[in-house]
Every structure is written in C-alpha cells, then in structure tokens.
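I set out to record what I looked up in this structure, entry by entry. The notes begin with the chain as a whole and then turn to single residues.

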Amino acid sequence: MNDEQKNWKVAHLDEIERRGRDVPVREQLGIHSFGINALTTGDDGTLVNDHDEAGSGQEELYFVIDGTAMFEVDGETIDAPQGTFLYVGAEARRKATGNATILAMGGTPGEVYQAVDWGEAWPLHRESMEAYGEQRYADALAAVRKALVLMPDHAGLNFNAACFASLAGDTSDETFEHLRRSVELLPRFREDARRDSDFDSVRDDPRFEEALR
C-alpha cells in the first residue's frame with residue numbers, strides 16, 4: 001500500500017518544512033476538516049501576533065508543546081509552561097511571547113471548515129505577507145500580483161490581493177474581480193469578506209456585494 005492509499009499519516013515536528021515561524025501541520029498531513037498548525041518563536045520573541053478573530057468568528061485552542069510561553073488575553077497575563085492548554089474565544093484580543101513551540105487549533109462554531117492550501121504558492125506569497133504585517137499595503141499588493149501571474153487560480157492569493165488593494169486605496173474593478181474569483185474558487189471567502197475589516201473602505205461600494213454573489 002502506497003502513502004496515497006493509507007488512511008493515516010505520520011509526521012515529526014522537526015521534519016516539517018517551516019514557513020517563517022509557522023509549521024504547516026495541517027497541510028503536511030492533508031487535514032481539511034479543522035485548522036491546526038504549530039508556531040515557533042520569532043527573532044523578536046513573538047509566538048502569536050497581536051490579533052483577534054472577531055472577523056472570522058473562529059475559536060482557538062493553544063497547546064504549549066515545549067518551552068514556556070507568556071500569553072496576554074484581553075489585557076490579562078497568563079503564564080503557560082509546557083503542557084498548558086489555553087482556549088481563546090473569537091472576540092478576545094490575544095498575543096504571546098516566549099521561547100516555546102505552540103500548537104494552534106481553530107474553527108468557527110456552526111460552520112464547516114474550509115481550508116486554504118498554500119503549497120507551492122507560499123514562497124511566492126511570503127513577500128506580500130511580510131509587507132502586509134508591516135502595513136506596507138501597496139508593497140503587499142505589488143508582491144501578490146507577481147504571485148498571481150504564476151498562479152492565477154489560487155483562491156487565497158486572489159482573496160489577499162483584494163484585501164491588500166482595499167487597504168492600499170485601490171478601488172479599481174480589478175480589486176473586486178479578485179474578490180469575486182476568490183469566492184468562486186473557495187465559497188468560505190464570501191462570509192470571510194463580509195467580516196474582514198480589511199474591506200471596510202469598500203464595503204459600501206455596490207461592487208463589493210456584487211462580487212460576493
């Protein structure tokens with residue numbers, strides 16, 4: 001029986017190719033029913049970026065695999081040594097630092113999980129995500145457009161192109177076409193877009209809802 005026919009897979013954390021601080025556990029194992037990935041410490045000590053999941057409605061569970069993490073959730077500090085489970089609801093603001101490896105699991109109550117596989121697109125997308133994280137939205141848009149030349153039918157690239165364009169003040173028809181194409185390729189992006197603050201500047205534009213039909 002070859003690997004494709006097996007009903008199970010094995011992977012070791014150290015053998016999964018990393019994407020910056022992220023260890024793509026879900027993609028490595030071919031999981032599509034729920035979100036799960038590992039996070040490692042960045043050069044600045046960051047484990048989990050400061051964020052909430054109000055836009056996605058996603059609940060998250062963090063498990064400290066090794067080391068010690070320091071979480072801050074809605075302004076409250078939580079020490080998290082190895083073996084700690086921490087549940088965080090969608091509305092809560094969270095971040096974490098420390099020298100640790102964390103397993104992060106998530107899903108939105110009442111919704112079927114729909115995965116975005118980055119695969120070969122990730123090296124192309126890394127530059128745009130770095131610029132996005134630094135709020136250089138025009139640079140993020142330029143980088144993701146280069147990626148789309150090579151992979152025009154990647155749902156995630158199309159969605160993020162629409163996000164970055166909105167943040168960069170680009171309200172051309174191309175922005176809404178990327179959004180429309182992302183929804184066509186992965187229907188979960190319809191509701192994601194309606195909740196995502198990246199689209200606040202174009203939400204009242206009639207082309208926004210037209211793209212989501």
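Entry 1, charges. For this count I took Lys and Arg as positive and Asp and Glu as negative, leaving out His and the chain ends. The model I examined is a predicted one. On that basis I noted 22 positive and 42 negative charges in the protein, and their mean positions lie 4 Å apart.

I found seven helices and seven strands in the protein. Read from the N terminus, their order is β-α-β-β-β-β-β-β-α-α-α-α-α-α. The radius of gyration is 18 Å, close to the 17 Å that the globule rule gives for 213 residues, so the protein is as compact as a globular protein of that length. Along the principal axes, the C-alpha atoms fill a box of roughly 50 × 50 × 35 Å.

I looked up how much of the chain is covered: 42% of the 213 residues count as buried. Among contacts with a separation of 6 or more, 60% join residues 24 or more positions apart.

Which residues of the largest nonpolar core touch the most other members? In this core of 29 residues, I listed L157, F159, L179, F189, A193, F199 and F208. Two or more residues each come from helix 2, helix 3 (137-150), helix 4 (155-167), helix 5 (173-185), helix 6 (188-195) and helix 7 (206-211). Helix 4 gives the most, with eight residues. I also noted a second, separate core of 16 residues, which includes L47, A69, V73 and A96. Returning to L179, I checked its partners beyond four places in sequence, and among them are F159, A193, F199 and F208. N158, A162, A211 and L212 are also touched by L179.

I placed S128 in helix 2, which spans residues 121-133. Is this serine buried or exposed? S128 has 0% relative accessibility and therefore counts as buried, the cut-off for burial being under 20%. Apart from neighbours within four places in sequence, S128 is in contact with A140, A143, V144 and F164.

I located R94 in strand 7 (residues 94-107). Its relative accessible area is 0%, so R94 is buried. Setting aside neighbours within four places in sequence, I found contacts from R94 to residues including D50, D52, E53, E60 and E72. Others in contact with R94 include V48, N49, H51, Y62, V73, V88 and G89. I also looked up the pair R94 and E130, which are 36 residues apart in sequence and 20 Å apart in space, C-alpha to C-alpha.

I found D200 in the loop between helix 6 and helix 7. With a relative accessible area of 48%, D200 is partly exposed. From D200 to S166 the C-alpha distance is 8.1 Å, although the two are 34 residues apart in sequence.

Where does D74 lie? I traced D74 to the loop between strand 4 (59-73) and strand 5 (76-81). The phi of D74 is near 50°, a positive value in a residue other than glycine. D74 has a relative accessible area of 55% and is exposed. Q135, also not a glycine, has a positive phi of about 60°. I found Q135 in the loop between helix 2 and helix 3, and at 58% relative accessibility Q135 counts as exposed.

Methods: Residues numbered from 1 in each chain as written. Predicted model: local features only at pLDDT ≥ 70, side-chain atom pairs only at ≥ 80, totals over all residues. Heavy atoms only, no water. Helix = DSSP H or I, 4+ residues; strand = E, 2+ residues; numbered from the N terminus. Rg over C-alpha atoms; globule rule 2.2 N^0.38 Å. Buried < 20%, exposed > 50% of the residue type's maximum accessible area, 1.4 Å probe, protein only. Contact = heavy atoms within 4.5 Å. Charge placed at Lys NZ, Arg CZ, Asp CG, Glu CD. Core = buried A, V, L, I, M, F, W, Y, C linked by side-chain atoms within 4.5 Å.
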